[in-house]
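Trainee: Please take me closely through the aromatic side chains of this model and their surroundings. I would like one connected account.

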Amino acid sequence: MTQTAVPIAAPPAGEALPRRRSRPSWAGWGFVGPFMAVFTLVFLAPIAYSLWISLFRTQLVGGTAFVGLENYSRALQDPQFWSALSRVSVFLVVQVPVMLGIALLVALALDSGRLYGRDFFRISIFLPYAVPAVVATLMWGFMYGTRFGLVGNINEAFGISVPNPLSPDLVLAAIGNIVTWEFVGYNMLIFYSALRTVPTSLYEAAQIDGAGQWRVITAIKLPAIRGALVVAGIFSIIGSFQLFNEPSILQNLAPNAITTYFTPNLYAFSLSFSGQQYNYSATVAIIMGVLTMVIAYVVQLRGMRKEA
Amino acid sequence: MTTATPSPAAATPRRAPAPRLRSTRGRGRSVDRPRRSVLLTVLTGIVLLYSLVPLAWLVINATKTQGDLFSSFGLWFGDSFALLTNIGQTLTYDDAIFVRWFLNTVLYVALGAGGATALAVIGGYGLAKFTFPGKRGVFAVVIGAVAVPGTALAVPTFLMFSQLGLTNTPWSVIIPSLISPFGLYLMWTFAAEAVPTELLEAARIDGATEARTFAQVSLPLLAPGIVTVLLFTMVATWNNYFLPLIMLKDPDWYPLTLGLNAWNAQAATAGGEAIFHLVITGSVLTIVPLVVAFLFLQRYWQSGLAAGSVKE
């Protein structure tokens with residue numbers, strides 16, 4: 001299937017440049033081989049193993065039995081699984097647009113050239129990305145705290161009672177804020193880098209045509225970075241569905257607000273490492289993997305179709 | 001499967017010059033040098049404050065004793081200035097376990113992120129510059145695998161590794177860190193542009209082997225991309241929490257992230273000593289190396305990112 005020099009389905013930039021026909025040869029495998037060998041060991045083998053063990057059930061008495069798709073039907077009727085899934089869905093629908101929206105606005109502001117101290121803005125807003133999720137969560141968790149956190153300070157200073165961010169009602173929003181804080185700068189940089197590759201001649205042409213700032217943004221900048229927007233969107237969706245670190249770490253500070261099935265990943269983790277239910281845990285993880293792929297795929301299709 | 005690719009590359013206009021030339025791009029816009037706007041600066045300043053205030057909180061509170069942590073205003077210094085005492089205590093508490101965690105992290109980063117970068121660079125270069133049987137399959141499989149949740153991999157990887165006797169050893173953290181699909185993708189897009197095919201053909205005609213062509217012709221051209229990938233794999237490995245959480249039982253092998261969380265959890269355990277001031281000071285010490293790396297190398301990684309990952 002690769003015997004012709006037709007560019008592959010979605011060539012990265014550069015492949016579409018006119019190039020001499022290169023005969024397919026095995027030389028490329030010399031370079032890609034090492035990556036694929038380790039990839040097989042740490043990605044493909046575990047996925048295959050996961051699929052395999054999801055078809056079994058281990059009982060305290062009677063050992064391991066083949067049960068076919070029983071684990072899957074169990075998951076689909078499992079209220080804890082649905083609760084976790086709906087929680088990350090809400091998270092996805094609210095947090096991702098907020099985060100990407102802020103990132104886009106900042107990127108456009110940086111790119112407009114109208115900011116004082118642009119480089120300072122860019123590097124400072126990006127900095128939280130370098131902070132480990134553990135540190136970010138502990139830090140925000142302490143700040144949320146009513147004991148020695150800012151929330152406590154505010155309550156004291158103004159004699160009011162700000163709702164506790166670590167209460168069961170608000171903890172999801174509190175986590176959304178942590179994730180937004182961590183990744184706004186990262187997404188901003190992705191968008192900003194994409195904006196920088198827009199040819200300046202387009203802006204000159206627009207200026208000659210009398211287009212205003214707003215028109216330049218909607219007619220030139222946004223279409224030009226659509227690809228980056230879709231990529232960032234997909235990565236954010238994947239990230240939301242895989243939410244684990246922040247709730248898991250916050251559990252120490254808010255034990256009553258975060259259940260063992262707070263997110264699907266946390267649920268799968270609890271099932272296997274506290275519950276010893278490896279088979280069912282693998283099933284939950286596989287369902288989430290498939291779901292993530294389907295949604296990422298749909299977003300990509302829709303994102304790309306508008307381009308036409 | 002190939003449709004899962006997030007590559008939007010094909011349709012948009014493309015500029016010809018090699019990526020490294022682009023660092024001067026900003027100045028090319030002098031035709032249209034807009035007036036600076038105070039309003040816009042102030043509005044963007046809100047996001048800046050949002051990003052920096054928590055970090056300021058962290059640094060300020062690293063200067064407080066545990067007593068002051070509870071009694072003083074969060075965003076200002078307490079009665080005492082205990083930063084050096086806190087750092088000293090952090091480094092020596094519990095037989096200097098923090099230093100051990102720090103060295104573990106350095107080890108995981110050196111081998112994990114270093115190895116991941118090497119594999120991504122040669123792999124990405126292979127994908128960008130060679131046509132070979134199975135290339136489409138490689139792409140589809142790698143991109144598809146990114147969507148698989150961490151736990152889907154972690155649990156079976158844990159079971160596999162425990163059968164191999166690797167859990168609770170550094171290898172259980174290092175080996176899975178060796179793969180960075182994002183790094184591969186970034187390097188692929190970067191190499192496709194940064195290394196002119198003509199140059200490679202010239203080297204081949206001169207009789208150079210592929211390995212030699214790579215090492216002497218391509219590698220120097222790939223430098224900004226390599227720095228970018230290295231920084232991102234470094235962050236991923238330095239900040240990794242989930243994988244070591246599953247793989248490691250023995251605190252002597254913990255990386256910093258796991259150690260800090262253990263210190264924080266200690267307060268909640270029966271008879272455990274609350275050491276919030278050490279958690280905070282330790283957090284500062286944990287983020288300093290990465291922040292320094294990003295600041296010092298920013299010229300390199302930013303040009304690599306602009307030219308590579310999201311080139312339209």
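Mentor: A:Trp140 is buried, with a relative accessible area of 10%; buried means under 20%, exposed over 50% and partly exposed in between, using a 1.4 Å probe and protein chains only. The model is predicted, so local features need pLDDT of at least 70 and side-chain atom pairs count only at pLDDT 80 or more, while totals for chains, interfaces and linings use all residues. Residues are numbered from 1 along each chain as its sequence is written, chains are lettered from A and ligands numbered from 1 in the order written, and side-chain values use heavy atoms, without hydrogens and water.

Rings of Phe, Tyr and Trp (its six-membered ring) pair if their centres lie within 6.5 Å; planes under 30 degrees apart are stacked, over 60 edge-to-face, and the rest tilted. By this rule there are 39 aromatic pairs over all chains. In one of them, A:Trp140 and B:Tyr50 are tilted, with 50 degrees between the planes and 6.3 Å centre to centre. The pair joins two chains because A:Trp140 lies in helix H5 (residues 133-144) of chain A and B:Tyr50 in helix H1 of chain B; helices (H or I) are DSSP runs of at least four residues, numbered from the N terminus. B:Tyr50 is partly exposed, at 24% relative accessible area.

A:Phe183 and A:Tyr186 form an edge-to-face pair, with 80 degrees between the planes and 6.3 Å centre to centre. These two residues are three apart in helix H7 of chain A, so about one helical turn separates them. A:Phe183 is partly exposed at 30% relative accessibility, whereas A:Tyr186 is buried, at 14%. Both belong to a cluster linked by ring pairs, which also includes A:Phe126, A:Tyr129, A:Phe235, B:Phe182, B:Phe232 and B:Phe294.

The largest has 171 residues, and A:Met188, A:Phe191, B:Leu222 and B:Trp263 touch the most other members. H7(A) gives the most to this core, 16 residues. Contact here means heavy atoms within 4.5 Å. Leaving aside neighbours within four places in sequence, A:Phe191 is in contact with A:Leu100, A:Ala103, A:Leu104, A:Ala107, A:Ile225, A:Ala228, A:Leu229 and A:Ala232.

In chain B, B:Leu184 lies in helix H7 (residues 181-194) and is buried, at a relative accessible area of 3%. The C-alpha atoms of B:Leu184 and B:Gly123 are 6.6 Å apart, although 61 residues separate them in sequence.

By contrast, A:Ser161 is exposed, at 65% relative accessibility. A:Ser161 sits in the loop between helix H6 (150-158) and helix H7 (171-196) of chain A. From A:Ser161 to A:Thr218, 57 residues apart along the chain, the C-alpha separation is 43 Å.

How values were computed
A nonpolar core is a set of buried Ala, Val, Leu, Ile, Met, Phe, Trp, Tyr and Cys residues joined through side-chain atoms within 4.5 Å.
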